[in-house]
Structures are given as C-alpha cells and as structure tokens.
Amino acid sequence: MGTPETSREPCPDRILDDIGGAFAMGAVGGSAFHFLKGVYNSPGGARILGGSQAVRLNAPRVGGSFAVWGGLFSAFDCTMVFVRQKEDPWNSIVAGAATGGFLSMRQGLGASARSAAFGGVLLALIEGAGIMLNRMFSAQQQMPVIIEEPGPNMPPLPGFMGQPQSMPEPASAAGSSSPDSGSGWLGGWFGGPKKESSAGTSSGSETKILESFDAPPVPSFEYK
C-alpha cells in the first residue's frame, strides 16, 4: 500500500491537480452551507429563492479561497521536494505552515506566525492520521495464518501432522483368543484335550470308514 506522498501526482502536475480538487471541494461545501443559511434567513414563501441566491453569491468565493490555499500548498510542497530531494511527511507539514503564514502576511507578523503554527499543526495531525491508517491496513493484510498444534499432554489425533493412523486389529486375531480361554476352563469336564489331538492329526477334516456289505443277488429271468 502506497503512502500519501507516493500515491499523489508528480510535482509539476500536482499543483494543477490540487487547485482543481480544492476548488471543487470548496464550491460543493460552500454551496451546501450557504444554501442552508439562505433558506434559514429568508422570509416564508421565498426560502428556496433565497437559498439559491446565497449559493450564487458565495459558492464561487469559497471555492476560489480553497483553490488559492491548495495552489500555494502544492507550490510549497514541490519546493520542499526539490530542495530535500525526497518525499516524506515533513514536506507537507512545512508546506502547510508556510501556506498559513503567507496568507496571513498582510495582517502582521504576529498573525502570520499564529497562522503558520496552526497550519503546521493541522497538517501534522492529518499526516499522522494517514500514517496510522496505512500501518493498520498493512498489518491486517500481512497477518499470518496461525495453526493450532496439540499440546504436549494431549494425544495426537489420527492422521494429524503426518502421524500414521492406527489400524484396527483383524477379527481373526481377536476371535482366536476366545476359544482358548473357554477350553482352558471347560477342557477337563468335556474332553477338551482329546478334541484338540484329533483336530491336530486330521488337520481339520474327519474321515469315516463305512463297513463293506454284500450286494443282493441279481434276479434271473431265464425260463426253465
């Protein structure tokens, strides 16, 4: 984000730019002020006419005063930039003081000094407020993103920050321990060891041998 000094026009064009902006600001502000004042001071039935008449008489004068102040301020500002060869808030502060003192020079040395002090303080306040706003906006734009990490006493979350996620145990391994625990308690009562030995020799399959028997005689259909 640019500072108020670097975001302005370069010095030769800055004078005309400030003269036009100051005249427009003075004309608009003076028109609103003097229109309300003319409406308030005019008699009933002619308030709108009185307000418009006050705007025509006073708005150009106020705009011209603002244009003179803006032109002198820009001229002194460009002079300070040429002398010091750099852009900083001190140029605007000195230009404001010089403008206030120059405009009040016809009223005497005391009045010129007071106006110069007032102009310098006013420009110092304006420049200080602009610097504070620029720093606040730049700090908000450069604020880093904070990621909360688990504390030392907290267990790590599964799959968080590159840690492997714990896999559940297979059902076969969990279920294989339950028959062993049952056979250890009921093995002496219902013949558990015999069952294990037979299962070990036959490798899980049981074979039964059927007894042989003679086939029935085949009937003969020969005629005797």
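This is a predicted model: local features need pLDDT of at least 70, side-chain atom pairs count only at pLDDT 80 or more; totals for chains, interfaces and linings use all residues.
What percentage of the 224 residues of the protein count as buried? The figure is 21%, where buried means under 20% relative accessible area, exposed over 50%, and partly exposed in between (1.4 Å probe, protein chains only).

1. Ground rules. Residues are numbered from 1 along each chain as its sequence is written, and side-chain values use heavy atoms, with hydrogens and water left out.

2. Overall layout. You'll find six helices and zero strands, giving α-α-α-α-α-α along the sequence. Helices (H or I, at least four residues) and strands (E, at least two) are DSSP runs, numbered from the N terminus. Of the contacts with a separation of 6 or more, 55% come from residues 24 or more positions apart; a contact here means heavy atoms within 4.5 Å. The accessible surface is about 17,700 Å², and 66% of that belongs to carbon and sulfur atoms (Shrake-Rupley method, 1.4 Å probe; for residues, only the protein chains shown count as cover).

3. Helix 2. Residues 47-84 make up this helix, and its 38 residues should span 56 Å at 1.5 Å a residue; the end C-alpha atoms sit 54 Å apart, which agrees. The expected span is 1.5 Å times one less than the number of residues. There is still a kink of about 35° at N58, shortly before the proline P60; the bend is the angle between axes fitted to the seven residues ending there and the seven starting there. Just after helix 2, Q85 takes a positive phi of about 60°.

4. H34 is in helix 1 (residues 11-41) and is buried, at 10% relative accessible area.

5. A nonpolar patch. V68, W69, F102, L103 and M105 make a nonpolar surface patch of about 470 Å². Patches are made of residues with over 30% relative accessible area and no salt bridge, with like charges joined within 9 Å and nonpolar side chains (Val, Leu, Ile, Met, Phe, Trp, Tyr) within 5 Å. A salt bridge is a side-chain nitrogen of Lys or Arg within 4 Å of a carboxyl oxygen of Asp or Glu. Helix 2 and helix 3 (89-103) each supply at least two of the patch residues. L103 lies in helix 3 and counts as partly exposed, at 38% relative accessibility.
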